[in-house]
Protein chains: 2
Amino acid sequence: MIKPSVPKIGRSMHRADAAAKVSGAEKYAIDWYGEDLLWAGVKRAGIPHGRLRCVETEEARKLPGVLAVLTGKDVPGTNRQGIVHKDQPVLCDEKVRHCGDAVALVVAEDREIVRKAISLIQVEFEPIPGIFGIDDALRPDAPLVHEQHPEGNILLKAEIRMGEAEKAMAECDAIIEETFEVPMVSHAFLEPENGVAWQESDGRTVLVVSTQAPFRDRWEISHALGISMDRIRVIAPYLGGGFGGKDGATVQCLLALAAQHTGGRPVKMVWSREESFAAGYKRHAARMFYRLGARRDGRLHALQCRLYYDTGAYAHLGGEVMALGMEHAGGPYRIPHTLIEGWCLYTNNPIAGAMRGFGVAQVSFAFERMMNLLAEKLNLDPLDLRIQNALREGDKNCCGVTMTQSTGIASCLEKIQQHPLWQKRKEWKSRTGPFRKRGVGVAAVFNAMGYGRGLPDSAIAKVEITPEGRIRIYSGVCDMGQGNATAFAQIAGQILCQEDAAIELLQPDTDRSLPSGSASASRTTYTYGNALIKACEELRKRIIGWAALMLLADTMEDLDLHPGRVRHIKTGKEIPLQDIAAMMTDEVRVCISQFIMPVAKDALDTGKAFSIGFPHLLFSYGAHLACVEVDELTGAIDVKGYAAATDAGRVLNPQVYEQQVHGAIAQGIGYALSEELRVKEGRILTPDFATYIIPGALDVPEIVSLTAETYESSGPYGMKGLGEVGTNGPLPAIANALADACDLSMTCAPLTPERVLRAMKEKKKSGGGNPP
Amino acid sequence: MIKPSVPKIGRSMHRADAAAKVSGAEKYAIDWYGEDLLWAGVKRAGIPHGRLRCVETEEARKLPGVLAVLTGKDVPGTNRQGIVHKDQPVLCDEKVRHCGDAVALVVAEDREIVRKAISLIQVEFEPIPGIFGIDDALRPDAPLVHEQHPEGNILLKAEIRMGEAEKAMAECDAIIEETFEVPMVSHAFLEPENGVAWQESDGRTVLVVSTQAPFRDRWEISHALGISMDRIRVIAPYLGGGFGGKDGATVQCLLALAAQHTGGRPVKMVWSREESFAAGYKRHAARMFYRLGARRDGRLHALQCRLYYDTGAYAHLGGEVMALGMEHAGGPYRIPHTLIEGWCLYTNNPIAGAMRGFGVAQVSFAFERMMNLLAEKLNLDPLDLRIQNALREGDKNCCGVTMTQSTGIASCLEKIQQHPLWQKRKEWKSRTGPFRKRGVGVAAVFNAMGYGRGLPDSAIAKVEITPEGRIRIYSGVCDMGQGNATAFAQIAGQILCQEDAAIELLQPDTDRSLPSGSASASRTTYTYGNALIKACEELRKRIIGWAALMLLADTMEDLDLHPGRVRHIKTGKEIPLQDIAAMMTDEVRVCISQFIMPVAKDALDTGKAFSIGFPHLLFSYGAHLACVEVDELTGAIDVKGYAAATDAGRVLNPQVYEQQVHGAIAQGIGYALSEELRVKEGRILTPDFATYIIPGALDVPEIVSLTAETYESSGPYGMKGLGEVGTNGPLPAIANALADACDLSMTCAPLTPERVLRAMKEKKKSGGGNPP
């Protein structure tokens, strides 16, 4: 008898997709080709703002090997896409709003012809002055990016008010004020935006695309191109990275449009890295004014802040990113009085949208610097100050939501406090060499899970016992590397008591799996996992129930699932799963269950500003510690040690858990030290990995991952989402470590050598004070 | 807005099938014809016992219009059918065991040719002496009906022993002994055994048949004919009566066999009334020796009984009928010491099997007469005696099973005690005319629900929201008139909050509905109803969950189902069910749920005798009261008044409930007064409704139906099965009333005028004593 490898929950297990990925057998969207493949490419605007006069495609059309050259006029539907506001054309028709805007689509026999044809397309514009930053956008006489938008260049203005922040400031013993700025950054996934599409003989359009939201894609295509949703099928293989950048239409509508012009031949589009930088979505640049007041003993008392997010040329998820930023603006702390204002602004910069830490990475930097400045002012230990003010169950957060669910921030901070990296920091700092300074910084972070109020954070799990008696999970949420597929296999294996080898998992396919929302918001394992538990429990009951019929067992209690079979406990009679499955009809072999994430019951009135996505009930927490060494000659920061204590509920798979923490911190280190999408008048100055610097393996220190395991009662086996929270820590932790090392209070990220060196010089010049 | 006609549970509602049945639109199996229809018929043995020498079919085959004449040799499979023991040939191959045995099957163009062809078939037998009764069967030198059966003519011998009955008898102050006999009776349904069958172009065999067990039929056909189960489809329309007589293969295997020889043309078979009497199943004739001992105060103390059931030529459900008889042999009373023995015997009489009151109707007569004899002996009121000994929750019944579920017999008896028919009985009895005597009798009855231990009493409900937004229930259990279809429509309507007109119900079809066992054992509404509740709750959740996706509701709690639509409570936004269904895939629109009836935890050791069907956990109860007037000149009993108090848990539909009670009592009155299948040397002497007398509408008195409503915690909305319990009451209640009227203790049923007159004469002769 094979010893069952269950229970599986809580055990380290290799990723379900590891072997296939390592061996190259797993096919990402970019690996999909088809017979008689065609290629498609896009002519980009190249100017940041202008009215479209004419798109001259005649020359391109004449080029041998070109099948179609399409412009806005050729789009049969609304020609508009966008998750919340449909303001982005598939192919521009009236004006262009950023350099990466698509003005024409070419379909041709090969990529070289596509490239040549694009070069033959002539576009005439009537230029309009561009809006390239927050101040520009807010100017009363500013040209409008979207003339029809009633609020001008303000996509969304919102306010969260709890208590009486202005009055409460007067009651504070210490008040800190500061302004912070963070730049636009890119997801920099290895697999760029890409896909392949074709029409089936019955006229249905099929896409295999690198996407985080296949079900929403179908709706975007349907809306933009006027194709009925049930005539579209989207298949979403494993992603070579997503991080939010594939949460929304990139190639989808373009490819579906192209596929209407190929006579059934498949057509493929792969964005180059430059195109990905120019036309893909970004993390929002932000400017943040903070005013934080506390009592003498360190108790936080009042917070005022004004947050400005540059959302670029189209709305995309800008309003929602800002909402989440505002919701997290006060950190994971008790602050009785808050006034948080936000402005999300249209500009002619590249489009900003979802990125891991969705609006939160920005404010985490600001607020966690504020906490250190406050500790300094009150002469308190920065870690003690955080523990003192940390949210606990029953507290209200800065948006007035009562923490009814697992709230492990204090425990994370205590884990860090007890760790040798903190305990022995003084000794470590003293052991530095010449022209080098050492410092240790901490940051407390948190990140909401799920969509928040106003729309259902729903997943519909589907699990099948195949006619061969195997278990097949039809995942409804993409695995872009986070490892949810492994968690799902664990859940099914645990409940159905089957060997890993007997469990298959299909990545989302709108024809086979069921709508389960996007792979985003740290929600996939939580939401789909909860749905899957119910579906698997139902399947377990169903298998045992049918076995009862076949074994003439008068109660299900006498039957038990074992790997590959059901056993009658009293008699020892067994029946293979395959025999049971053979008796079932197709509809019986499948179990389906929907789960909707619970929502916060108490929510402050924020008027009509936040129709969706605010507030949240569930949060994951983290305490990060960075040990840095600064080169006084170059300004370079070397992260020598890093520890993160995380509360993401129960740990389902320690190995995958650690991988998520490591990945998030590595990405956060890029945000902290080097990544900056530099844009000048709408034109990207860092269009490739030679100029846009992401950390390599050698730039990432050894990371200690500690777990402050709580049990989240609403979660699958007690877990919470882990995908994002870790990204928010490195920038503030490193900035705090830098301050500790060099007494430099940096307000602009990233902390590049140039910027640090300049700050050190300024400081010297001004005689030791902070830079302006 | 249409006012929703919910809640529906507990309300009187017309039967869902009433209009279609009254107008003739509903198609019973017998109403199914097909294009190019052929007919099939059976050549019957005509002798009760003999070895088959030769079946000469040549002449019949030659007859123009004859397509096939088949014998046992032409049956491709095992040629054996039978629910528990496969001992009954489809077409006899070695011997015949009763006059109705099938020896050849004719398929021809019309019924006349079938009849003629049958008359041309010559059969040669080597006759064997027949076994025509219990004494015959038990003779040591008796010829064997089934030579291979290891116990000779004893199909099953079993014993239930609790306490020490023999010893306990010595402790009794009063002991009664008596022997009772009941005859074989027929179900006498209006629609005889019939069906139509054909082969589809893909070779699958389809049957539309008047059956109580379509899923088991598939298995019987598969076994007997060697056709794979998934190549057989059985469709079971509403039945024109069943009562147990269609629980088992009648025409099924014959028709499926015929359909293999028609080149795809449909073939129909309808048994004549004579054929139904000869070849259909019957209620078992039984002989019952009883010995009952009690304490002076009336407390029952010990019971000994020996029950003999004549199961006829084949096992069919004989063993299980006897088991249920034995389980009910001690009535719904506390008796600490019991020894119940049973013998189920093969004879060459027609086959006995399931019939409403499955083994229980027989013992109810015996035991309830015993109770009256005991009351008389102890000079106690017979109703008080019953109440005193009535089972209550926590008691053990005569088989050692603890009554953990609703146990309403005392309350039924009290309802009867309080009723004017009982309260004013003396006055009523005194008001009789010349040569007429009046008497009032009571009886306490009960009847187990479900299959009992050893096999799962399982149902798998399936409910769908159709693409049009209607609700369709795929019933897995037949409605043979009992009204379960109406209960199912009520359940679905209640949970899904839909109008009656929006709910469709399909009768079982093995291709569309799911295995849910037979329509028998008072189980259909309980078992399928419980499964349906879960399926409907899941469908409700599913509809609301999808509506949440479409209305962007962040929690299902804000949504409510209304007739034809889902409503968002806070905003008043509504979405039609049709629109929701349109978004669902086929697999999402269907919900499936299985339920298995709970089983008794404590069961006496009965050795290997009862492998299935013993004991039971759940019982329904009834107290019956009959007011009779006896004509001293003719012996005719006229039932002048009748009241029945029934505990079948919560009443889901008072109208249908009352109809079931009325129907059961009407049938029970037939059993009490007139119905007797007289068989002489295996030949039926009462082959038609001129000689086999069932009560007409005028023979049934006004019946008062009282409900002693309990709440059965395991039941759907608290209900229990009601189909059978009422049948068990009339014979003992009327016999007790007759005893009250004329001081006649009858031990043989039915209480025909001839038998009563003879008993009165005997009594006069013997000077007032009871007849021998």
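Does F435(A) count as buried or exposed, and what is its relative accessibility? In this predicted model, F435(A) counts as exposed because its relative accessibility is 52%, and exposed means over 50%. The residue lies in the loop between helix 14 (425-430) and strand 20 (436-448) of chain A.

The backbone of F435(A) also deserves attention. Most residues other than glycine have a negative phi, and most peptide bonds are trans. F435(A) is not a glycine, yet its phi is positive, at about 60°. A521(A), also not a glycine, has a positive phi near 60°. A521(A) is buried, because its relative accessible area is 17% and buried means under 20%.

The loop that holds A521(A) runs between strand 23 and helix 16 of chain A. D509(A) lies in the loop between strand 23 (503-506) and helix 16 (524-551). D509(A) counts as buried because its relative accessibility is 7%. Its side chain makes a polar contact of 2.6 Å with the side chain of R233(A). Leaving aside residues up to four places away in sequence, D509(A) touches F215(A), R233(A), V234(A) and I235(A).

| Cis peptide bond | Omega |
|---|---|
| F614(A) and P615(A) | about -15° |
| A749(A) and P750(A) | about -5° |

P615(A) lies in the loop between strand 27 (590-596) and strand 28 (619-631) of chain A. P750(A) is found in the loop between helix 20 (730-742) and helix 21 (753-765) of chain A.

Note on methods. Residues are numbered from 1 along each chain as its sequence is written. Chains are lettered from A and ligands numbered from 1 in the order in which they are written. This is a predicted model: local features need pLDDT of at least 70, side-chain atom pairs count only at pLDDT 80 or more; totals for chains, interfaces and linings use all residues. Side-chain values use heavy atoms; hydrogens and water are left out. Helices (H or I, at least four residues) and strands (E, at least two) are DSSP runs, numbered from the N terminus. Buried means under 20% relative accessible area, exposed over 50%, partly exposed in between (1.4 Å probe, protein chains only). A polar contact is a pair of N or O atoms within 3.5 Å; within protein, one must be able to donate a hydrogen and the other to accept it, and residues adjacent in sequence count only if both atoms are side-chain atoms. Contact means heavy atoms within 4.5 Å.
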